[in-house]
Amino acid sequence: AEAGGEGEGEVEVAPQWTFRLLHCPAKLQPVDQRLEVTVATPLELVHNARLLDRVRRFLDVLGESERAELAQLVRQQAESLREVTLESVLARRKSTDVQLRLAAPRLVLPQDLSSPDTGVLVLDMGAISLASMVAQGGETAAAAAADASAEGSGDGPEWLYDRFALSISSIQVILSPSKASLRAAPERAHYLVYELGVDVGLQRCILPPSSHAFNHVVVSGSLSEASSQSLHLQLSPEQLRMAAAILESLQSGTAEPAGEAGVPAALAAEGADLPAGAQPLATIERTRARFLVQRVRLSLVGREGAPLASLHAGGIELTAHRDMSGQGAHFRLDELYVDDRTAADPLRSRLVESNPSRASAGGGPEESSLVQLQYLRSAAGAADELHVRFNRLHLEWNPATITALLAFFRSPAAGAAAAAPSLGAPAAAAAAAAAAA
């Protein structure tokens, strides 16, 4: 609190960070503990590839012997986990109610750290909330162990899962010509991705992975209803050129080689020394994931801010699964439209339309979806399978619009060549002409 002058009271300042851990008395609450964390003010993180590489080298202190010892500890823990009975696991389990409310950090990606007027790409994650969902009811430990040992597949009873609801609101991506202009209210032309929200449900079974046939990890997500369930992007030639330059500058860092599933190479090699009949933990977890993007809109804007074309896509769904028999993924796109925003006649403005007779033909989602892809990979060494289903797509050709779209995507390469400081004027002009050819 700040003390004022004579006759003035104290001014309370709200804390920026709060942390509270409560232990709940037995039989009075459905959970054993309650954790609450609140971050009121977001942090601003500036990407510096050289600094991150130095920090990584400083922290990378494990030698090959330490890596081998760590892998051995993991194997021993896995063996001891298999020997513990399910009933004792459930009896010892403690539940915690988690409530996190975070003003998410803003990640700033500058094109050139040494220039104060450099372009910046800002990823603003808005506000993040994470809440645990406590299942009511349930069975005794002995009954739960019996249910888990029984034959079954798919998702188990909900009280066998730790469940969390993750919500990210007000996500936006801004591409600003300078950090100074970003401090003020961003102009509409600087937005790359307009505000949107994402809702994700996370579930993880409380039992050891190898003790049941249910899905061990279940993830489901979609665009939030608060954001109109739509992903809206806007792109101009200047934004495309600046974004390409910023992404190219991020490639200066190097990463440590990793083994399968992102495991460090040394630990991945140690996995080959597992005892006979034992499997790495990652291979025995049954996983199911699903994410739905209800609507996507991409607006292409010309140099003078005039609309060029817009793309609309709807019903984008991606599902994936992994179990002992193998893994697979399924992709679905229900509809796709591309409109010519330069056309004077609205009847001739639609360039691409998916399945225009769908409304009159009827049918279920499988018959009406534009694209369906299914990929299956068997763990037994059988041939991979790829199934493709493509529905009707109506196309119209407008030579002037196609020429403008080609110029739109060629302009970043031409602009980069023209702005290259190492080239003289004749060489830069020749490079720009070659890029436009």
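**Salt bridges**

I searched the whole structure for salt bridges (a side-chain nitrogen of Lys or Arg within 4 Å of a carboxyl oxygen of Asp or Glu) and found 7. I kept in mind that this is a predicted model, where local features need pLDDT of at least 70, side-chain atom pairs count only at pLDDT 80 or more, and totals for chains, interfaces and linings use all residues. My residue numbers run from 1 along each chain as its sequence is written, and side-chain values use heavy atoms, with hydrogens and water left out.

**Glu36 and Arg20**

I looked up this pair and read 2.6 Å, N to O, for the salt bridge between the side chains of Glu36 and Arg20. Glu36 sits in strand 2 (residues 33-39) and Arg20 in strand 1 (residues 17-23), so the bridge ties together parts that are 16 residues apart in sequence. I then checked accessibility, where buried means under 20% relative accessible area, exposed over 50%, and partly exposed in between (1.4 Å probe, protein chains only). Glu36 is buried at 18%, while Arg20 is partly exposed at 43%.

**Arg290 and Glu317**

Here I noted a salt bridge of 2.5 Å, N to O, between the two side chains of Arg290 and Glu317. Because Arg290 belongs to strand 12 (residues 287-301) and Glu317 to strand 13 (residues 307-323), the pair ties together parts 27 residues apart in sequence. I have Arg290 down as partly exposed, at 33% relative accessibility, and Glu317 as buried, at 10%.

**Asp339 and Arg350**

My next stop was the salt bridge between Asp339 and Arg350, whose closest N and O atoms are 2.9 Å apart. Asp339 is in strand 14 (residues 326-340) and Arg350 in strand 15 (residues 350-354), so this pair ties together parts 11 residues apart in sequence. I read 13% for Asp339, which is buried, and 29% for Arg350, which is partly exposed.

**Ser132**

Ser132 counts as buried, at 11% relative accessibility. I found a polar contact of 2.6 Å between the side chains of Ser132 and Asp97. By polar contact I mean a pair of N or O atoms within 3.5 Å; within protein, one must be able to donate a hydrogen and the other to accept it, and residues adjacent in sequence count only if both atoms are side-chain atoms. A polar atom of the Ser132 side chain also lies 2.7 Å from the backbone nitrogen of Val98.

Methods. Helix = DSSP H or I, 4+ residues; strand = E, 2+ residues; numbered from the N terminus.
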